[in-house]
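Open the model in your viewer and keep the sequence panel beside it. This tour goes stop by stop, saying what to select and what is there.

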Amino acid sequence: MTERKLRDEIRASALAAGFYMGGETLAIDFVDTIKLKANPVLDYFDNEELYREFWRIQRPVLPAGAVSEGVAPDREQAKQLRFAIRTLFEDALNASALDRSSLDVVNGFALRAASVPQLDATGHSRETVTGGGDALLGAVARSAIETVADFRACIRHCESERCSMMFFSASGHRAWCSATCGNRVRVARFAAQRSREADQRTS
Ligand SMILES: [Zn+2]
């Protein structure tokens with residue numbers, strides 16, 4: 001399966017499950033599990049069922065050895081990592097120096113997903129990480145490191161003022177996280193334009 005098709009499938013599963021976003025990089029999808037500009041803030045990880053669903057949906061991009069049925073990482077640690085990754089993404093987006101303590105958190109989690117070669121019966125070597133929740137958070141940290149180190153220029157914020165979602169734009173031309181946000185902004189702009197025109201007619 002191509003990378004693009006895989007991302008599309010993850011996106012479709014995430015939307016079907018009730019998430020707002022999906023199918024960016026693993027670390028960006030992870031960061032997008034909280035709507036910071038919703039009032040009140042909507043944290044999808046506060047819902048145990050959705051939290052577990054996140055790991056099921058991302059399974060195709062998680063290291064095989066790290067995934068075992070029903071195992072999800074500690075939720076508070078996941079939230080701590082998510083906050084640190086968002087901070088690094090914001091810094092990268094603003095071309096600021098990367099926040100030291102967030103770097104320590106992300107680098108620390110990445111250490112948990114160290115992989116080792118394992119030889120199979122056919123004589124092939126396969127990189128394998130040990131199972132459990134730690135390796136899953138480690139995989140997210142690794143994805144965050146790759147995203148900042150290799151694709152810093154592709155990290156974007158949704159241009160809707162009411163949206164905190166981030167996304168991956170390879171071309172740099174994408175302005176909105178989703179069609180929903182794009183339509184909302186276009187409708188608002190159109191309404192503002194109409195009201196300006198109406199003002200001009202009456203004044
Ligand atoms: Zn948006």
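In which loop is proline 40 found? Select proline 40: the loop lies between strand E1 (34-35) and strand E2 (42-43). Helices (H or I, at least four residues) and strands (E, at least two) are DSSP runs, numbered from the N terminus. Now show the peptide bond between asparagine 39 and proline 40. This bond is cis, with omega about 0 degrees. Most peptide bonds are trans.

Two notes before moving on. Residues are numbered from 1 along each chain as its sequence is written. The model is predicted, so local features need pLDDT of at least 70 and side-chain atom pairs count only at pLDDT 80 or more, while totals for chains, interfaces and linings use all residues.

**The whole chain**

Zoom out. The protein chain has seven helices and six strands. From the N terminus, the order is α-α-β-β-α-α-α-β-β-α-β-β-α. The C-alpha atoms fill a box of roughly 80 × 35 × 35 Å along the principal axes. Of the 203 residues, 30% are buried. Buried means 20 or more other C-beta atoms within 10 Å of a residue's own; exposed means 12 or fewer, and partly exposed is in between, with C-beta atoms placed from the backbone. Among contacts between residues at least 6 apart in sequence, 57% join residues at least 24 apart. Two residues are in contact if their C-beta atoms, placed from the backbone, lie within 7 Å.

**H1 and H3**

Select helix H1 (residues 3-17) and helix H3 (residues 48-57). Their axes are 10 Å apart and the packing angle is about 165 degrees. That makes H1 roughly antiparallel to H3. Axes are lines fitted to C-alpha atoms, for helices over the stretch in contact, and angles run from 0 to 180 degrees between N-to-C directions. Under 35 degrees counts as roughly parallel, over 145 as roughly antiparallel, 65 to 115 as roughly perpendicular, and the rest as oblique. Show side chains next: Ile10, Ser13, Ala14 and Ala17 of H1 meet Leu50, Glu53 and Ile57 of H3.

Select helix H4 (residues 75-93). Its 19 residues reach 27 Å from first C-alpha to last, close to the 27 Å expected at 1.5 Å a residue. The expected span is 1.5 Å times one less than the number of residues. Colour the buried residues of H4: Ala78, Leu81, Arg82, Ala84, Ile85, Arg86, Leu88 and Phe89.

Step on to alanine 95, in the loop between H4 and H5. Is alanine 95 buried or exposed? Alanine 95 is exposed, with 8 other C-beta atoms within 10 Å. Check its backbone too: phi is near 55 degrees, a positive value in a residue other than glycine. Most residues other than glycine have a negative phi.

Select helix H5 (residues 100-110). Ser102, Val105, Val106, Phe109 and Ala110 are buried. They cover an arc of only 135 degrees around the axis, which puts them on the same side of H5; the arc is that of the directions from the helix axis to the C-beta atoms. The face away from the buried side carries the exposed residues Arg100, Ser101 and Asp104.

Bring H4 back. The axes of H4 and H5 come within 9 Å and cross at roughly 125 degrees. H4 and H5 are therefore oblique to each other. The contact is made by Gln80, Leu81, Ala84, Ile85, Thr87 and Leu88 of H4 and Ser102, Leu103, Val105, Val106 and Phe109 of H5.

**Valine 140**

Select valine 140, in helix H6 (residues 133-151). With 28 C-beta neighbours inside 10 Å, valine 140 counts as buried. Leaving aside neighbours within four places in sequence, valine 140 is in contact with Leu26, Ala27, Phe30 and Leu81. Leu81 also belongs to the buried set of H4.

**Cysteine 158**

Go to the loop between strand E5 (155-157) and strand E6 (166-168), where cysteine 158 lies. Cysteine 158 is buried, with 22 other C-beta atoms within 10 Å. Beyond four places in sequence, cysteine 158 is in contact with Cys163, Met165, Phe167, Trp176, Cys177 and Cys181.

**Last stop: H7**

Select helix H7 (residues 179-202). Its 24 residues reach 35 Å from first C-alpha to last, close to the 34 Å expected at 1.5 Å a residue. H7 is hardly covered: its count of buried residues is zero.
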